[in-house]
Structures are given as C-alpha cells and as structure tokens.
Amino acid sequence: MATVDWESVIGLEIHVQLATRSKIFSGAEAAFGAPPNTRACAVDLGMPGVLPVLNREAVRMALTFGLAIDAEIARTCRFDRKSYFYPDLPKGYQISQFDQPIVGAGVVEMEVDGATRRIGIRRAHLEEDAGKSLHEDYADMTGIDLNRAGTPLLEVVSEPDLRTPAEAAAFFREMHAVVRYLGICDGNLNEGSMRCDANVSVRPRGQARFGERTEIKNLNSFRFLRQAIAHEIDRQIGVLESGDSVVRETRLYDPRDDETRPMRGKELSDDYRYFPDPDLLPVRVTSELLGEARARVPELPRAKRRRYREDLGLSDSDTGFLTGDPDVAAYFEATLATGCGAKPAANWIMDRVAASLNRSGLDVSACPVAPEQLGRLIARIEEGVISGKIAGMVFDVLWEEGGEVDAIIEARDLRRVSDAGELARIVRRVVADHPEQVEQFRAGKEKVLGFFVGRVMRETEGKADPGRVNALLRDALAP
Amino acid sequence: MDRQTLDRLTRLSQLQLSAEEERLVLDDLGHIVALIDEMRAIDTDGVEPLTHPLDMDQPLRRDAVTEAVDRARFLAVAPLTRDGLYLVPKVVE
Amino acid sequence: MQPFAGIAELGRGLARGDYSARELATFHLERIAAADGDLNAFIHVAEERALRAAEAADRRIARGEGGPLTGIPLAHKDIFCTAGVATTCASRMLADFVPPYDATVVARLAAAGTVCLGKTNMDEFAMGSSSETSWFGPSRNPWDRGRAPGGSSGGSAAAVGAGLVPCATGTDTGGSIRQPAAFCGVTGLKPTYGRVSRYGMIAFASSLDQGGAFGLSVEDVETVLGAMEGHDPLDSTSAERSPTRRNGAGSMRVGLPSEYWTGLSGDMGDCLLAAAKELEAAGHVLVSHSLPHTDAAVPAYYVIAGAEASANLSRYDGVRFGFRAEDPADLGDLYRRSRAAGFGTEVKRRILTGTYTLSVGYYDAYYLKAQRVRRRIQQDFLEAFEEVDVIAAPVAPGPAFELGAVDDPVAMYRQDVFTTPASLAGLPAMSMPCGFVGGLPVGLQLIGPAFEEGRLLALGHEFQRRTDWHLRHPEG
C-alpha cells in the first residue's frame, strides 16, 4: 500500500474558569482548595426549590473576552439546560448556552515559527462548572466534592483550523496569555483554571472532507496537549493504514505511558435534551455592560510583540519571553519607564532577574528589586558611572537588602576611577613591579597585556574603565 | 409509542419500571401522545415560540460572596457521607 | 370561639383580647385533631412550633406591634420549604427531607406574624388534579368525604373549606389553586406569574408555577397575598411591581369567552350563568367574545409542564438528599432504583412524557410547537383584554368528582381545560364560590391582565358583598 501523506485537523475546546469572587448563579465563594463541600451552598447543591441568579461580573468578563478577539457579541443571549446524570452534576442538568451563546465568531492571531496564523473562534459561551469526583477508595465508593460546582466557565470553541500538535499547543498558550492579560482567569493550569479538550482527525492531504474525529478530554498542560494530540494522530493513521476506520469516541490521555484510551463509564448521554432554562430570563447585553467590558481590554500579547519588535527593535525570542506573562511585560515596561535602553533592560530581565527569581522560586510580581531600581542601575552603566561587573554587585545588594541604586554606589564608593593621574600612577607601579612580564610583552607576547589589565583592575577594585587601562598600559609598555 | 422508545426514555431519565408499570405506562403514554398531537391542528407558521410568560430581562447579581456555607447542615440531610464528601458507588472514568 | 371567622374578625378578637393567639392556635389544632384523620388534609402538624409562634405573636400584639396577620393561624402546602420542618412534596422521595432553609413565602408570612399549624397534603410534586397521587394517601372533600378536594393543592383547600385553618398557601401550575378552591367552596387566587417568589417552592414546572392563597373570602385572600407578594432577589423571575391594590371602581366589561361557556352541563351552566348575571346586576357589562386557541391549551400545557418537570426532577438521585435505594450495585443502579422507588407512577409518566418531547427528533414537533401554541394563547388574551377588563369563566367542567372516578390520566388532564390557558399566559386568575350543583360547591373563575390582580379582587369582593355562597360551610 502506497504511503499516504496524512494531514491532521485539530480543534480545541478550552474551558476558562472566570476569576469572579462568587459563583455564576449563587453567592457562594468561588475558591480553590477549600475543604470539601464548604463552598457549595443550597443553589450549588441543587437543593429542592432553590433558584439561580446570574452573576453580572461573569457576563462582563465574557464580553471583555469577546471584544478582545473581535467577536460578534450577541445583543441578547440565553441560558439552556443540558441534561445528563453524573454525580458531580447536582441538578442532573448543567446550565449552559446552546444556540444563543454570548460571544459569537471571532479570531485569534498567533505566531508559530515566526509566521502569523489566524485561528477562528467559533463561539464562546458561559456555563457552570461541575464538582469533582474523588476516586481514592472509600470501600469501593467515590467521594463527591461540590465546591467547584457553579464556578463560572467560559467555554471557547475554536474552528478546526489547527494543523499540528505544535500549533495546537501554541494556540492554547496564546489563549492562556490572552485570558491572563484580560484578567478574567488566573491561568493556573495545575488547579484546572484552564482545561482543554481536543478534537482530532486526520485526512489525506488535499482531501476537503474531514476524517472521523475523536475527542481527547481534560488536557491541562501545554506539554500533555502536544503529546496527546501527537499520539492520537499516530494512532489514527495506524488505524487507517491498517484498513480499519476511526471510531468517534471520547478518549483520555494518560501521560504516564503516553497513550490515549477510550473513556469508560462517563459516556454521559447521546441526547442532552437542551431547552431554555425557565428559571432564567433572556440576558440583554446593554451598552453600559459593553462599555464596562471594553474599558477592561488592555494591549494584548500580539500587539505588544509587534510594538517591542518595531519600536524597540527587540528580537522575536526577546519579545516572546517578555510578553508571555503579563507580569513580566509589566516589569519590563516599568523598567523602561526610567529611561534606560530596551535591549539591555531585556537582557537583564531575561538573565539576571529571571535567574534570581528562579533560584528563589519567586514570581516576577514579587521581585525584591523594583523595576525602577533596575532601570536606574542600567542607566548608570550606560552613563559609564559603574561597570557591568560592579552593577552585578549592586543588583545583589538590591536583591538582598533593598535600597536605592545611587545611594549604594556612593555608600560603597563604587564609582569608576576617573582621575587620570591616579590611574596612570597605578599603571606605572604595576608595570614597574613586573619587569619579566614587561620583557615578555616587548618580545611580542601580546596576551601578557591581559595579565597587566587584570592587575590594574585588582588594584582599582574593578572601578577602572578597561578601555582606558588598555591605552595607558600600551603607552607604559612601549619600548 | 413502542417498547423500544420507552426503554430509551427510561434510560435517559434514569427510571426503572416494573413489568406491570411498564405495561400500564406504555398504554398511558400512547394516549398522552395522542393528546399532545392535538396541537397539530393549530397553525403556528411564523409564530415566535414563547419561552417564558414574563416579558423581562434577566436581572444581574453583584459579584459578592453572600452565602456562608454551613456544611454540616447540608450533609445532615444526605443519605451517605464521609469526611465531608457525598458518597456514591465507585465511578470509573 | 367560632370556626369560619374571617381574618379581619379574628384580628379584632385578638386586639380586643377576646382570645390570645395561643388560644386561637389551640382551637384550630383541636379542630385538626378531630377532623383530619378523616380528611387527610395535613401531611404534618407542627403543634409545638405553632404554639411557640403563637406565643411570640401574643407578645408582639401586647407590644402593640401586631399587623393584620399577626397571630392568624395558617397552613402551608407541603411544597414550600420550611426550615426545620419536614417538607415532602407528598412524595416518598422527600418523605424524610427537612430543609435547612425557608421558602421566601414562608419567611414573609412568618415575619407578618402568622402562626403555621402544619403542612398540607397535595398531589405528589403537585402533579395532579385530585390530590390522589400523594404518597400519604388522598385528601378528602369536606363537602363529601367520598369525593376529591381537587388538586394539586387539595389539602390546603380542604383545610380551609372544613374550617381547620382560616387561610392557607398553595401553588398553581395549571389550576392547582383554582380547581381545589372551587371543589371545596373556598376562594383561591393564583397571582400573575412573577408576583410571588418561587424561592424555596419545590419546582414542578418553572415557567408556570406560581404561589398563591386560599381563604374564606376575597378579602382574606387579598390580605394573605399582601404579605406574600413582592420582588425577591433570590428569584430571577420575580417581578418588581407595586403591591396589589383592589382597583376597578365603576362598571367593568366582563368577558364571557364562548369556548368556556358552551358545552357545560345544564346545572353547571345555569349556576355559572346566574353568577354572571349577578355581576351584570351589579352594573357591569357582560361581553361575549372568543379565545380561539383554548382547546390547544391542555396539550400545550402537558408538553411544557412535562418538559420542565423532567429536568426539574433530575436532581432527585439519592445522593445529596431524599430517598436512596439500599446497597446499589453501581451508580446507575443507585439512580434507577432510588428514582423508581421514590417517585409514584404519575410523576414517572410526566418525567417520561417530558423526556420524550425534548428528545432528539421530537423537540420541534412537541416542545417548540407547544411554545408557539403558548404564544397564540397569550395573544388571544392580549386581544381579548382590548375588549374586556376581566374574563369570567368556569373553573372546571363539573363539581368535585368521586375519589378514584377519574382513573385515566388523559381524562384527568382534560379536567384542566379551563385553568391551563391562564397558566400558559402567566395571568392572574381567581376562583370563588358561586353556587351549588348536587350539594357540591361550584366556583366562578375571574381572569385578568398581567399584574391586574386588583381588578379580580375588586370584582370578587363586590360579588361576595352581594352573595353568601362563600359563607356556606359543610356540616361537621
């Protein structure tokens, strides 16, 4: 059988937990990590007779997202009941949006290997999260914790525009950055604040029709997403090349043995019987709400990357690093605000700051060295007041003890030796003290010069300008 | 209304009917379907469905924590709990 | 102390100190003890709590802080959640359920100083028109123990009709206040959808359910409604409206829709027509008109109510509250056996019907079609209210039927032909006694435009000043 050139087609459904204080339909606290069932009120538990009331902030956040991806925003939208039985779904139905989502078609632009890709967003709708089933053994029982039930979710559904596992991962990463820039999600993947389902199919390249697809559930890390999709693509190609056909099913990815397997048990329903929730009325998206939502759309990663490249002349890798996390971008921009150069600022943040944060396991928002101080420190190097080596020392002092850059430089007398006379004296003394090295140099051993520079630097505790030291030495050593 | 349809409905609604009940219900549902089929006589072309009698917009709640949860009060009415969790037969995913 | 005294009269007696609220409660608790073994109007009598509430009411009255309902005994339909008091919805599923919260209606009536004597019997989950589907056995009609009190709020209607309590709450989804009021010879009001909070009122069909009141007169029903109604931030479908006031000075145009008035049995027809003539004699103008889609109301109602109920009752799964089957083999077994044993046959029929009309391939033909019919029925009323101020109609095709007489579900559903249209349109409607047929009370239904309860109350009050049907009570 001739080998076929397979093309994979991938679409993602990303569940974004909205960072509201209270639940989407109740006044219970939406918090992660509380003791089981201490954040589930009567409404979240689906107790008899209780009723949902919609959280305004969840609506505002959904609208902010919609505006950020230039999506069509519904004038009015509606909530529907999606019926299926599962122990983490207290009411036996999930309140979701079926045919009137709050956010319609939009687009996300991202860069993959330098090229810009436009990924279509089919829709984004509001719904309530379910609780958690805890499978650790209670004598063949499963424990149900409903703290998460009723947490607001924005389900973002992409078009099947993604073609490779790397692209899918890049898209997930871009969405992760976008929701964090918008401040609508804490982006904490470990706590499940963003969860992703991937729809994967393959087809011979050039074929217009999509192949049969499978859905891989609960991919909550960039790496697992890439691995799971890559694995599923290989599996499907294997199935097709062995003459079988792909079965539409829901699969789970097991990172331990890097494979996907069909999901047992949770074949929720083949008929969700959606219908408008009679406990909730149509939501009118007022111009007031839209105004508030618009006011909360900041400069997004892509715009920042362009600006950093075009206005600041930074490289793709620099901009990639600096814009990936809104807090890093904010730190970088605050550093620039002191008037130092963009490139050295980028280098300092990517090297010294990043390394120090890493070592101490700190988040950039908790960096002991304020961006203003870093900016001033870099400015002092640029002004020639201190050398890069000294600046390193100053940075360590700032990190350990805090304080103010110029005060530290003064207090520790770290300014460069600028007195030409004194530097010349030191140079003459060093030369006089090492006659045989002088001979070697004069005999043409150029690298001995480094020895003299080192000595002079030691004498000046690194405060001398290497350029001038070189010049003075060459004069003094001239035969 | 046939047995196959009824089986599907009982599965979707997680109900279970005794043989006796099933015989009766199958019969009743047949009559009920005949009753609701009487709607066909009404011309509803171009009529907008009325999903709710109230002509009102959904009120929006301020995002504030207003419910202090007293777990014990809720667990007290549950048939089977342990360590603050509701218990169900083992669920396999 | 006499039974069948009105709220205002009881209030005066309490104010004068003729008797205390505790004595008033005790008097009615004794009447319940004497009569209820036979009527089965109550599922649960809360004697201890009642006496404590009555003592609190006496202290309040002594401080001169009493209101029109302070110290007045009442009963709640067992569909309203009462914190610390069993709330069963007449179902085995909730036979042992003690809610940790009060329904808004319960809290407001308690705040008004009423003294709740207990929870009344009903059709299971309010699904029925006879109160025969209760897990706790059928209630009986105070006028004829062999007959049904109507349903689903049959226990409340029977309790008020038998003078066991001066007033009671009920809920009306397709006629569940109006029809039992008619059968038991009391006054019952279903307010406009959105007038009374549904929070804590166990849901049957959410777009139709509405809480209301039973009393011995229009005046009493108006007083109780006054304490129940009003916006509730816990219910998204609760409207912000100014309180109900009797209004309708002068002559009203009273519509008699032909679809309701033709085909009534001779006696029923005569009885109801005489009531209409009484309104005419009072200076109102009778206008015959048409509500052309009336016949489609019962089918549309049973589609919509079933669909909503099928989802509303999915929460009863034996996990967080309610009945749970013993040693389930697996999760599915837990669900199926808990629900199979916890729900009665009528409830299962409704769940299955609703599941059917919402399922793939039937949604458009049934659920969507029903909503379009619902729009047509609402339009009928909107057009009618251009011509008339109030609509007068029968409540039911006949008076109370014998227990067990209507054993075919569809025949039972058809009992609701005159009550489901106003329910689908969300309109206020009231039933008041207007005569007797074969010794059994007959009710006249008044239907008004949305949030125009005031018109019904004005017209009904005037009718009751001119007639004494509402003052007739069963013996014993």
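Is A:Tyr84 buried or exposed?

*Solution.* Start with the cut-offs: buried means under 20% relative accessible area, exposed means over 50%, and partly exposed is in between, using a 1.4 Å probe and protein chains only. A:Tyr84 has a relative accessible area of 9%, so this residue is buried.

Before you go on, keep in mind that this is a predicted model, where local features need pLDDT of at least 70, side-chain atom pairs count only at pLDDT 80 or more, and totals for chains, interfaces and linings use all residues. Residues are numbered from 1 along each chain as its sequence is written, chains are lettered from A and ligands numbered from 1 in the order in which they are written, and side-chain values use heavy atoms, with hydrogens and water left out.

**Exercise 1.** Work out what kind of ring pair A:Tyr84 and A:Tyr272 form, and where the two residues lie.

*Solution.* 
- For A:Tyr84 and A:Tyr272, the centres are 5.7 Å apart and the planes are at 75 degrees, making the pair edge-to-face.
- Now place them, with strands (E, at least two residues) and helices (H or I, at least four) taken as DSSP runs numbered from the N terminus. A:Tyr84 is in the loop between strand 4 (80-83) and strand 5 (93-96) of chain A, while A:Tyr272 is in the loop between strand 14 (259-262) and strand 15 (275-276), 188 residues apart.
- A:Tyr272 is partly exposed, at a relative accessible area of 24%.

**Exercise 2.** Classify the ring pair of A:Phe85 and C:Tyr335, and say which elements hold the two residues.

*Solution.* 
- The ring centres are 5.4 Å apart with the planes at 50 degrees, so call this pair tilted.
- A:Phe85 is in the loop between strand 4 and strand 5 of chain A, and C:Tyr335 is in helix 11 (residues 331-342) of chain C, so the pair joins two chains.
- Check the burial: A:Phe85 is buried at 9%, and C:Tyr335 is buried at 2%.

**Exercise 3.** Describe the interface of chain A with chain B.

*Solution.* 
- Count contacts (heavy atoms within 4.5 Å): 60 residues of chain A touch 36 residues of chain B.
- Next, the buried area, meaning the accessible area (1.4 Å probe) that two parts lose on being put together, summed over both. Here that comes to about 4,100 Å², with carbon and sulfur atoms giving 59%.
- On the chain A side, A:Tyr138, A:Met141 and A:Leu281 lose the most area to chain B, together 16% of what that side buries.
- Finally, look for salt bridges, where a side-chain nitrogen of Lys or Arg is within 4 Å of a carboxyl oxygen of Asp or Glu. There are five between chain A and chain B; one pairs B:Asp63 with A:Arg21, with the closest N and O atoms 3.8 Å apart.

**Exercise 4.** Find out what the salt bridge between A:Arg205 and A:Asp5 ties together.

*Solution.* 
- The whole structure has 78 salt bridges over all chains. In this one, the closest N and O atoms of A:Arg205 and A:Asp5 are 2.8 Å apart.
- A:Arg205 lies in the loop between strand 11 (194-204) and strand 12 (214-219) of chain A, and A:Asp5 in the segment before strand 1 (6-17), so the pair ties together parts 200 residues apart in sequence.
- Both ends are partly exposed: A:Arg205 at 49% and A:Asp5 at 44%.

Methods: Rings of Phe, Tyr and Trp (its six-membered ring) pair if their centres lie within 6.5 Å; planes under 30 degrees apart count as stacked, over 60 as edge-to-face and the rest as tilted.
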